[in-house]
10 protein chains.
Amino acid sequence: MKNKFPVFDKITPSVLEAMPYEYDGKDINVCIETGEFTCLCPWTMLPDFAYIVINYIPNKTVVEFKSLKLYLQSYRMVGMVHESVVNSILNDLVKIIKPKELSIDIKFGIRGGITTTVSAEYLSKETKKK
Amino acid sequence: MKNKFPVFDKITPSVLEAMPYEYDGKDINVCIETGEFTCLCPWTMLPDFAYIVINYIPNKTVVEFKSLKLYLQSYRMVGMVHESVVNSILNDLVKIIKPKELSIDIKFGIRGGITTTVSAEYLSKETKKK
Amino acid sequence: MKNKFPVFDKITPSVLEAMPYEYDGKDINVCIETGEFTCLCPWTMLPDFAYIVINYIPNKTVVEFKSLKLYLQSYRMVGMVHESVVNSILNDLVKIIKPKELSIDIKFGIRGGITTTVSAEYLSKETKKK
Amino acid sequence: MKNKFPVFDKITPSVLEAMPYEYDGKDINVCIETGEFTCLCPWTMLPDFAYIVINYIPNKTVVEFKSLKLYLQSYRMVGMVHESVVNSILNDLVKIIKPKELSIDIKFGIRGGITTTVSAEYLSKETKKK
Amino acid sequence: MKNKFPVFDKITPSVLEAMPYEYDGKDINVCIETGEFTCLCPWTMLPDFAYIVINYIPNKTVVEFKSLKLYLQSYRMVGMVHESVVNSILNDLVKIIKPKELSIDIKFGIRGGITTTVSAEYLSKETKKK
Amino acid sequence: MKNKFPVFDKITPSVLEAMPYEYDGKDINVCIETGEFTCLCPWTMLPDFAYIVINYIPNKTVVEFKSLKLYLQSYRMVGMVHESVVNSILNDLVKIIKPKELSIDIKFGIRGGITTTVSAEYLSKETKKK
Amino acid sequence: MKNKFPVFDKITPSVLEAMPYEYDGKDINVCIETGEFTCLCPWTMLPDFAYIVINYIPNKTVVEFKSLKLYLQSYRMVGMVHESVVNSILNDLVKIIKPKELSIDIKFGIRGGITTTVSAEYLSKETKKK
Amino acid sequence: MKNKFPVFDKITPSVLEAMPYEYDGKDINVCIETGEFTCLCPWTMLPDFAYIVINYIPNKTVVEFKSLKLYLQSYRMVGMVHESVVNSILNDLVKIIKPKELSIDIKFGIRGGITTTVSAEYLSKETKKK
Amino acid sequence: MKNKFPVFDKITPSVLEAMPYEYDGKDINVCIETGEFTCLCPWTMLPDFAYIVINYIPNKTVVEFKSLKLYLQSYRMVGMVHESVVNSILNDLVKIIKPKELSIDIKFGIRGGITTTVSAEYLSKETKKK
Amino acid sequence: MKNKFPVFDKITPSVLEAMPYEYDGKDINVCIETGEFTCLCPWTMLPDFAYIVINYIPNKTVVEFKSLKLYLQSYRMVGMVHESVVNSILNDLVKIIKPKELSIDIKFGIRGGITTTVSAEYLSKETKKK
């Protein structure tokens, strides 16, 4: 009865799916939050955990949530520094859904008593002109 | 002693009632919040639950709260994606109460570890001119 | 030893008292909050409860707090819709203390799963000119 | 369309209604909470507000919630000290629904910087014997 | 890709599935919580929403979570008083998984300013003997 | 071993001490918060309690914290209305430390169910010119 | 219009008033909480602030709340160590209202990064025998 | 400068290390909490996330924290139902540190709107005899 | 004006001072909490931070708070495992104030995603006999 | 197995390490928070504790987190007033990582009932020109 999903060993943007936005022309903001993200520290290979918030204004497509979940899972066995995780997710999402705007905030789990949050933002050329 | 209300099987904007705004000409903001909203996922037909926040500045009419409650209930057996729920409620409310401004934020219950909030806004032509 | 206060059966702006503001010319903001307000639903005569926040910048007078408390109590047996309660309190306060600015937010207790907050604002002519 | 309810001027236990408990013989606990209660201070006639928690194990009847709401409203114009409010509600409820056990906690709104909570409990003869 | 689930119009205990408990003989407590439950008020047919907590000590079987989710959904179009909902779920679960102990607490959404929580408990004959 | 401090019976600005700001020319914001403030109601002589927040941008001096503590204590036996307390503290601090900007928010303890917060702000001539 | 209250310079148990408990024979618990208490450190004469919780089961009398407030104020100018404040209030209250049981918890404001809570309890001879 | 740790593909109790408890004979309770645990759902291979609380009273040894961290990581790529995860960790820990008592509570991330917490407990023979 | 305190480089129980308990014979509970404790990890010499809660029932003496503060500071440059810190503080305090009962809970700051709380308790011979 | 780190006795900026920012040209914000900071009061030599928040936009380098942790520890035995701590950290970080912008907020632990937060900000010449 239940589908078996792949367990990824590298970042896999190909699982990301864009769906047509049914109200094309009408601006909405979509905010996606998840506390279920884990990758590896590139030096120690110990796991890092993080809370992710993504906001975007769709243009002609929206991201399919299940595909986003699978995409985020593909970081599970990947070693990568915090600043690169944020830029990598941002770039992959922008390529697939081509939004008007998109921002990402990732709060990484405390390490050595220090909590780190990294944030990045994308504006399409059309949005910048306004 | 108690009135029996209909159980809806499709979105029913006709139950929405506008009442005259008694202080016509004086701007107020009306904020309406409810944690009692449920519709269905269009693919699995499993229920979705959501928290809704509506803000509007009335023009000549305000929405009657009981009628709004009935209207929101009419999504109970309807399969619809998140982005469409927001646009559908926005359009029906604007049509009935013709506000100066109206915004909607809907936070949908967590699915697969992901929480989604969709937001949309309406500005009347008069408001845009300012 | 204790004073007996009147129990009101209608809105009684005459109990409101203005006191001279001792630092006339120096702008301050006064924020008044109370969770002790109740009036009646005009259709069912069932009680409504609300949390009120008032902010104002005094001109030459401030409101005496005990008199404000008595004034708010005078809504206890009055049936009135939410939007009118806000406008009624705003108008009475502005008439008595003639502030530079005054705003009111009233969050009414949940009914049928819906919470409603109504907000209104007053700006004196002098304030608008700036 | 809406029913008009009476506005009480004295405690009215006659509005309380007991309904048969459908699972007679099976113990359940029913916990009822409300932040919408107000009566008057017997000396000053200023309103008191309170948060009420009632717990009971029904015997053969349960209390009808709407009737409980009306009963609690009947304290609205009554002057009564805190300790008496608790005993009065306890006695009226026990008389009507004849529970196995019933307890009441009432937290009264802060006065002069002091918050007061009064609690009382009823055990039926059968319960005490155990 | 996605499975389509039935939309129920009556309580359907037949969807509940028991799975063998792999550590038979070793006591564990399983606590299940969900804020996604809705049924109808039997008099008004208006929806009720509730938060459910189930605790049980399995004997030889545990409940399969997806099947529990489907079972709880089957109350969606059913009119039933609060005290009966609790007893109905308790009886169906006990029949299917035959636990050593099982308790249920259901907190129903606020109505008329009143929140109600109903609790019930089951002990197997073996547990009672201890 | 312990120093004995004076118990004040009137407002005593002379205890306030300014210390040179070591990084003169570099703007910082200093935020000071305390829940330990009490004065008297001028009419009843009953004590008032308050939570104070002070923010300032130093010019050439900063306030010594212990001296500020002593200064705030000097209101302990003084009867004064809320609006005057705020202006009095503001004026004394500005006179001693001559800041670029300074603001005060004082939230007074609930009285008769009403909480009051009074706020005031000072801008030096140099700051206003910008 | 307003009564003037005395400003105390020593602990004044004589202001405490006991009122007859109207439901003599019926056990209730009365819980009194206040965040408005201040005394002085006996060594430095700097003020201490505290949050007080008193619970008691009345016998034939209850404490009048306004008189309790005045009594607590009488510690305002008194230097006393934490452990003694608790025992002093306990002894005075027990002497006046002769309760079946009475307990006090006082949480003193943080000093040097340390928060201290002192608790004491009284049981009447009749209560101890049970 | 940094050590590289292994990435596990199966549960690896051999990494768990016991250290001598220096105060052997003196009972203490050690409570260990972590929000950084993830394994896989055995049917879908989608990740599960959980919050783990372990309490134990050591006998002659305590668990070394870093080794516990590595051990918990070894579930990262393992598919296992909730009830088995709890029993598996309990058994491995008891075998290594031979405590007087040990309990585990694991709260798994919400799935389909349902949160599940599974708890188990171990008592040594000596503890049971008491 | 200010006293200079020593900076310790080893645990210094000699700074602990006991004061006579003025109500000798009357049991009270004293609860002491502080978030200002730091020692070193014995292996890495990196600092550990902790939140400490101490509860005790005095016999003939109480601990002087300032001396306790100094004593806790004396761990600042000491490397010590969590379980030993708890036993060390317990033993030193019991030796100085000879309480009827004393318990300590220390919650250490998160390390590698794991939070640890260690608890220990002392009962005097007299207390054990009861 | 574990590396031994130095225990510092003076501020040691030389441990701070800058790493190349891999996405040079793409603006991100990095927010770093820690509750593990302690220095000494310059007058009493008693420890101060603080919560630090650092935000910066990297230019060509980011700060290595472990090195930042070591740098912050080097304040452990240093006596310094609050305003200077903030400016000292700001200056050292700016010198090493040469960010586009950097801000620091430090909330120091309560002393004498007063909590203090000091904030400072750096803007590079390029950022100011915009």
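**Entry 1. The salt bridge of B:D27**

I began with B:D27, which is partly exposed at a relative accessible area of 34%. The model I am reading is a predicted one. I looked for the partner of B:D27 and found B:K100, the two side chains meeting in a salt bridge of 2.8 Å, N to O. B:K100 sits in the loop between α2 (82-97) and β5 (101-111) of chain B, while B:D27 belongs to the loop between β1 (18-20) and β2 (28-40) of that chain. The two are 73 residues apart, and I noted the pair as a link between distant parts of the chain. I put B:K100 down as partly exposed, because its relative accessibility is 22%.

**Entry 2. Other salt bridges**

I took the count over all chains, and by the rule used it comes to 40 salt bridges.

I next looked up E:E36, which forms a salt bridge with B:R111; the closest N and O atoms are 2.7 Å apart. This pair joins two chains, because E:E36 lies in strand β2 (residues 28-40) of chain E and B:R111 in strand β5 of chain B. For accessibility I have E:E36 as buried, with a relative accessible area of 17%. B:R111 is partly exposed, at 25%.

A further pair lies within chain H: H:D24 and H:K60 form a salt bridge, with 3.1 Å between the closest N and O atoms. H:D24 counts as partly exposed at 44% relative accessibility, and H:K60 as exposed at 53%. I also recorded a network: salt bridges with shared partners join A:E36, H:D48 and H:R111.

**Entry 3. Chain H against chain A**

How many residues does each of chain H and chain A bring to the contact? I have 25 residues from chain H and 25 residues from chain A. The area buried between the two chains is about 2300 Å², and carbon and sulfur atoms give 63% of it. H:E36, H:F49 and H:R76 supply 27% of the area that chain H buries against chain A, more than any other three residues.

I looked for salt bridges across this interface, and the rule finds two. H:E36 turns up here as well: A:R111 forms a salt bridge with H:E36, the closest N and O atoms being 2.6 Å apart.

**Entry 4. Relations between copies**

I checked how chain H lies on chain A: a turn of 180 degrees and a shift of 0.0 Å along the axis bring it there, with an RMSD of 0.0 Å. This is the relation of a two-fold axis. Of the contact residues of chain H, 100% recur in chain A, and the same surface serves both copies.

A rotation of 180 degrees with 0.0 Å of shift along its axis superposes them, at RMSD 0.0 Å. Here too 100% of the interface residues of chain H are interface residues in chain B, so the copies meet through the same surface.

Two other chain pairs I looked up are not in contact. Chain C and chain J do not touch, with 23 Å between their nearest C-alpha atoms. Chain E and chain J do not touch either, and their nearest C-alpha atoms are 33 Å apart.

**Entry 5. Aromatic pairs**

I have 35 aromatic pairs over all chains. One of them is F:F37 with F:Y75, a tilted pair with 5.5 Å centre to centre and 55 degrees between the planes. F:F37 is in strand β2 (residues 28-40) of chain F and F:Y75 in the loop between α1 (65-73) and α2 (82-97), 38 residues apart. Are F:F37 and F:Y75 buried or exposed? F:F37 counts as buried at 1% relative accessibility, and F:Y75 counts as buried at 0%.

**Entry 6. Nonpolar cores**

Which residues have the most contacts inside the largest nonpolar core? They are A:I89, B:I89, C:I89, F:I89 and J:I89, in a core of 197 residues. A second, separate core has 195 residues, including D:F5, D:V85, H:Y71 and I:I89.

I followed B:I89 further. Leaving aside neighbours within four places in sequence, B:I89 is in contact with B:F37, B:I52, B:Y71, B:L72, B:Y75, B:I104 and B:I106.

How values were computed. Residues numbered from 1 in each chain as written. Chains lettered and ligands numbered in written order. Predicted model: local features only at pLDDT ≥ 70, side-chain atom pairs only at ≥ 80, totals over all residues. Heavy atoms only, no water. Contact = heavy atoms within 4.5 Å. Least-squares fit on C-alpha atoms with pLDDT ≥ 70 in both. Phe/Tyr/Trp six-rings, centres within 6.5 Å; stacked < 30°, edge-to-face > 60°. Helix = DSSP H or I, 4+ residues; strand = E, 2+ residues; numbered from the N terminus. Buried < 20%, exposed > 50% of the residue type's maximum accessible area, 1.4 Å probe, protein only. Core = buried A, V, L, I, M, F, W, Y, C linked by side-chain atoms within 4.5 Å. Buried area = accessible area lost by both parts, 1.4 Å probe. Salt bridge = Lys/Arg side-chain N within 4 Å of Asp/Glu carboxyl O.
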